[in-house]
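Biologist: Can you walk me through this one? I'd like to start with the rings, then the strands.
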Amino acid sequence: MSFAETCPCGSGRPYPSCCGALHSGARVAETPEELMRSRYSAFAKGDVDYLARTWHPRTRPADLALDDSTTWTRLDILEAAGDEVAFVAHFTTADGPGRLEERSRFARRGGRWVYVDGDVAG
């Protein structure tokens, strides 16, 4: 991995100093939006362990297998307020481009933000 690699979250920063630092455990997300961005990057990079670590145990699925045929292409944050983040995640599959729009809810657990659940639009 090159230090010049731009982070998938759309920050424009190098991955190692952006979401990569959260994925490696060098630091934790300070806000729900930062956690949302890091989770999107984990989906884009196939980092199932990070997704499991940042998902509330009450709502985390038993199987976190990711679909290798999905390529995540862009994240748009629509709104970040309090413990909720609304976003659109763009992707491509063999069937073509698609989008996932969700309003996610986060909570503090053990001093860290975790993903609780979300409402998917349409």
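Modeller: One term before that: buried means under 20% relative accessible area. Keep in mind that this is a predicted model.

Biologist: Phenylalanine 106 and tyrosine 115: buried or exposed?
Modeller: Both are buried.

Biologist: How many aromatic pairs are there?
Modeller: The count comes to five. One of them is tryptophan 55 with tyrosine 115, edge-to-face, at 5.2 Å centre to centre and 85° between the planes.

Biologist: Why does that pair tie together parts 60 residues apart in sequence?
Modeller: Tryptophan 55 lies in the loop between α3 (48-53) and β1 (71-81), while tyrosine 115 is in strand β4, so the pair links those two parts. Tryptophan 55 and tyrosine 115 are both buried.

Biologist: What about phenylalanine 106 with tyrosine 115?
Modeller: They form an edge-to-face pair too, 5.8 Å centre to centre with 70° between the planes. Elsewhere, ring pairs link Tyr40, Phe43, Trp72 and Phe91 into a cluster.

Biologist: Which charged end sits over the ring of tryptophan 55?
Modeller: That of arginine 39, 4.8 Å from the ring centre. Lysine 45 lies over the face of tyrosine 15, at 4.5 Å from the ring centre.

Biologist: Now the strands. How many bridges join β2 to β3?
Modeller: Ten, and the two strands run antiparallel. They form a hairpin with two residues between them. Valine 88 stands opposite glutamate 101 in β3.

Biologist: And what joins β3 to β4?
Modeller: Eight bridges, again antiparallel. Alanine 107 stands opposite valine 114 in β4. This hairpin has two residues between its strands, and glycine 110 in the turn has a positive phi of about 60°.

Conventions. Residues numbered from 1 in each chain as written. Predicted model: local features only at pLDDT ≥ 70, side-chain atom pairs only at ≥ 80, totals over all residues. Heavy atoms only, no water. Pairing = 2+ DSSP bridges. Helix = DSSP H or I, 4+ residues; strand = E, 2+ residues; numbered from the N terminus. Phe/Tyr/Trp six-rings, centres within 6.5 Å; stacked < 30°, edge-to-face > 60°. Buried < 20%, exposed > 50% of the residue type's maximum accessible area, 1.4 Å probe, protein only. Lys NZ or Arg CZ within 6 Å of the ring centre and 35° of its normal.
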